[in-house]
Amino acid sequence: MAATKAAKEQKYDRQLRLWGDHGQEALENAHVCLINATATGTEILKNLVLPGIGSFTIVDGHTVSGEDAGNNFFLSNNSIGKNRAQAATELLQELNSDVSGNFVEESPDKLLDNDPEFFHRFSIVIGVQLPESTCLRLGLVLWTASVPFLICKTYGLVGFMRLVVQEHTVIESHPDNALEDLRLDHPFAEFKNLVQSYDLDSMDKKDHSHTPWLIIVAKYLEKWLSEHNCQPPKNYKEKEAFRQCIREGILKNENGVPEDEENFDEAIKNVNTALNQTKIPSAIEDLFNHDQCNNITSQTPSFWVMLRAVKEFVHNEGNGSLPVRGTIPDMIADSQKFIKLQSVYREKAMQDAAAVHKHVESLLQCVGKPPESISEKDIKLFCKNASFLRVVRCRSLAEEYSVDSVNKDEITSHMDNPDSEMVFYLMLRAIDRFYQQHSRYPGVYNYQVEEDISKLKLCVTSLLQEYSLNVNIKDDYIHEFCRYGAAEPHTVAAFLGGSAAQEAIKIISHQFVPFNNTFIYNAMSQTSATVQL
């Protein structure tokens, strides 16, 4: 068993550093459904099979054509004539023996007719190159079952993704520039006691130059507060004066020249970090005021139960603050002093998490659920990330496509620039309309390109009229989309494959924040945009 664990750690070493054991476990328990094993579809699955998703099922009723073999690395000439789902499954499984692959040789429409509940079992459903009617039908089934749905399309030199999920909660959002949680403006008792135990004036040179900068700033802040009516340094002038106070504390040699004390340099450099105000981020305040946080029932997901417990902690033991995160930045100090400082923060974080745990237990008991139904490990993780929680809510496809609820403002504001990525969204919608009317895509055969331009132009006009969109689409784009002939170039498919797999991993692991809700990629200019439609 231990040998297997070590082998797994070695195999997945780099990604474990990204999303940890629990993220990997979520991935290994996931069952992903891919509809249509086109070039884009297999690229997405490749990027999910390699990091080790538990299992996948490909739903595809098409047989492999010469065109498929030409632009899809997971189909060969030998696959021509076979079912596409089966051929792709065989080759994708070779990438990772830990992953189990299945296939269904049917079209999604047939499954929706006969067994719509088939799709309820998956962690996420990824639909590739689907016509609008199928997307809307499947979107409704998945929306009602609360199964995340990721729509992907590669059309010529345009890539498109749409995420449809009612509510997606993120505990570990991994923000890029997170502020440290040091609490110097509201120091807790254990930290105060540690600061009191240091006497910088009576230390020898070695101890003085190995005192952590956090202690140095806290010491000088105490002095500053006593001299400035308990007001911390706020503006640039005051912070400079505060830095000067610290500078004057550097030991001097017998000639009166300041010694080279790197810890004091660090303290001066980190004044802004240390003086950050301890406050609850507005995004977390908004979540505290949400109905699901305030009305806990036996059906409430654990995220909201833990959030309510944190809210109660803030109003009671936390005295208006979130639980202490329990981590400190690295700094120049001797090991003993650093470990002592680190353990003070860590122990405080554990105390806060234990208080939140009590609130969780009483909330669970109130709704008749066993107190152990939310683990201590989960509560600690939640408390550590309490400042960074996120909830993503996407609009349904039905809302996006309905004339009454279409997001006209977003579309028209982007179309102020007639070459913005939004034009590709409108063109893809017009292409879907063309497909509905003619049961084929425009320009698929060279001899049809010219006549299809006028037909597609009619589709564009009727789309804009139906939604009362007062925007202009250049003829160049209509010509370009007819020339694409619904081609799926591998370069664009590969880019979209990487992007879609990344979003699927975010959804499965509940780590990092997925986009909301539409992503458009322009391969001609190598630009992309995310819009809420």
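Visitor: Which residues in H12 do Arg243, Ile246 and Arg247 in H11 meet?
Guide: This is a predicted model, in which local features need pLDDT of at least 70 and side-chain atom pairs pLDDT 80 or more, while totals for chains, interfaces and linings use all residues. Residues are numbered from 1 along each chain, and side-chain values use heavy atoms, without hydrogens and water. Helices are DSSP runs (H or I, at least four residues; strands are E, at least two), numbered from the N terminus. With contact meaning heavy atoms within 4.5 Å, the partners in H12 are Phe264, Ala267 and Ile268.

Visitor: How are H11 and H12 oriented, roughly parallel or roughly antiparallel?
Guide: H11 (residues 236–248) and H12 (residues 262–269) have axes 9 Å apart, at an angle of about 175°. Axes are lines fitted to C-alpha atoms over the stretch in contact, and angles run from 0 to 180 degrees between N-to-C directions. Because angles over 145 degrees count this way, H11 and H12 are roughly antiparallel.

Visitor: How much space lies in the largest cavity?
Guide: A cavity is a set of points on a 1 Å grid over the protein atoms alone where a 1.4 Å probe fits but cannot get out. Points are joined across faces, edges and corners, and volume is the space filled by probe spheres set on them. Three cavities reach 30 Å³ or more, and the space in the largest is about 160 Å³.

Visitor: Which element gives the most to the lining of the largest cavity?
Guide: Lining residues have an atom within 4 Å of a point; there are 15 here, with Ile151, Lys153, Phe160, Tyr401 and Asp432 nearest the centre. Among the elements that each supply at least two are strand E5 (149–155), strand E6 (158–164) and helix H21 (422–438). The most, four residues, come from H21.

Notes. Angles under 35 degrees count as roughly parallel, over 145 as roughly antiparallel, 65 to 115 as roughly perpendicular and the rest as oblique. On a 1 Å grid over the protein atoms alone, a cavity is a set of points where a 1.4 Å probe fits but cannot get out, and a pocket is an open set with protein on both sides within 12 Å along at least five of seven lines; lining residues have an atom within 4 Å of a point.
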